[in-house]
Amino acid sequence: MPSNDDRSFTERAADFLDSIGLEDLTEDYREENNAGDDRLADAFDPLPDALAEVPEVHEVNKVNTHRDGDDILVPVVPVIFEDAGEPAMDTVWDVGGTILESIHSVFEEFHVRHYDVQFAYADADEEEVVYRRITVQPALVERYLTDPGYTLSDLRADVKAGDDGDDGVPPVYWQQFDAESMASSGAYAGGGGAAVASACAGASAGAAASCAGGAAGAGGAAGGAGGAGGC
């Protein structure tokens with residue numbers, strides 16, 4: 001159970017997130033959001049020990065309009081790790097692969113620019129939150145799901161090789177980001193992108209509570225905290 005101090009941190013984090021104006025879920029895609037949540041709930045039952053809670057589709061962002069007039073989307077799934085400290089990359093990709101496999105069928109008929117999987121964990125001292133992300137184009141996910149010779153290790157290697165250092169251009173491999181500046185600058189059209197910070201603020205288990213405290217206490221500097229990049 002979180003202490004009274006932890007709950008106070010969570011309330012402060014919620015106030016911080018309100019102040020930066022997070023984007024609400026796009027009404028048009030609630031059905032897909034719910035379908036993705038159902039598939040994720042099935043995929044993560046039982047909940048792995050590494051996770052503080054079941055991942056959910058937090059946002060379906062409309063980022064542009066396709067030439068055919070339909071929306072171009074970025075579905076966003078936050079992941080909160082239970083334990084403090086840098087997670088093992090094998091664990092990161094096991095979780096990420098399961099998420100991509102679970103939600104791709106929900107969005108495969110839409111124009112998806114990329115899937116954005118955002119991760120959060122407390123640093124080793126449980127004082128600040130570290131935010132990282134992986135973004136993957138649907139073509140890579142489709143190959144992973146349909147080509148028996150193309151494994152999760154191959155997907156991981158291609159995402160790493162394709163990351164050119166520009167966070168706005170997929171793929172992005174385990175890149176650290178600042179949740180406050182991401183939200184206030186409008187990482188996606190229409191407003192904020194700090195979905196994982198919002199998820200941290202609402203969490204109450206283990207290191208997730210520390211994430212909430214770090215997000216509030218650092219006032220957005222959280223996410224600039226350390227954690228060496230994995231490989």
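This is a predicted model: local features need pLDDT of at least 70, side-chain atom pairs count only at pLDDT 80 or more; totals for chains, interfaces and linings use all residues.
Helices (H or I, at least four residues) and strands (E, at least two) are DSSP runs, numbered from the N terminus. Residues are numbered from 1 along each chain as its sequence is written, and side-chain values use heavy atoms, with hydrogens and water left out.

Select Asp-45 and Pro-46 next: a cis peptide bond with omega of about 10 degrees joins them, and Pro-46 sits in the loop between helix H2 (30–43) and strand E1 (59–65).

Then move to Pro-170 and Pro-171, which are also joined by a cis peptide bond, here with omega of about 0 degrees; Pro-171 belongs to the loop between helix H5 (152–162) and strand E6 (172–176).

Within strand E6, select Trp-174, which has a positive phi of about 55 degrees although it is not a glycine. Trp-174 counts as buried at 3% relative accessibility, where buried means under 20% relative accessible area, exposed over 50%, and partly exposed in between (1.4 Å probe, protein chains only). Across the chain, buried residues make up 49% of the 231 residues.

Finish at Glu-126, in the loop between strand E4 (115–122) and strand E5 (129–136). Glu-126, not a glycine either, has a positive phi of about 55 degrees, and with a relative accessible area of 46% Glu-126 is partly exposed.
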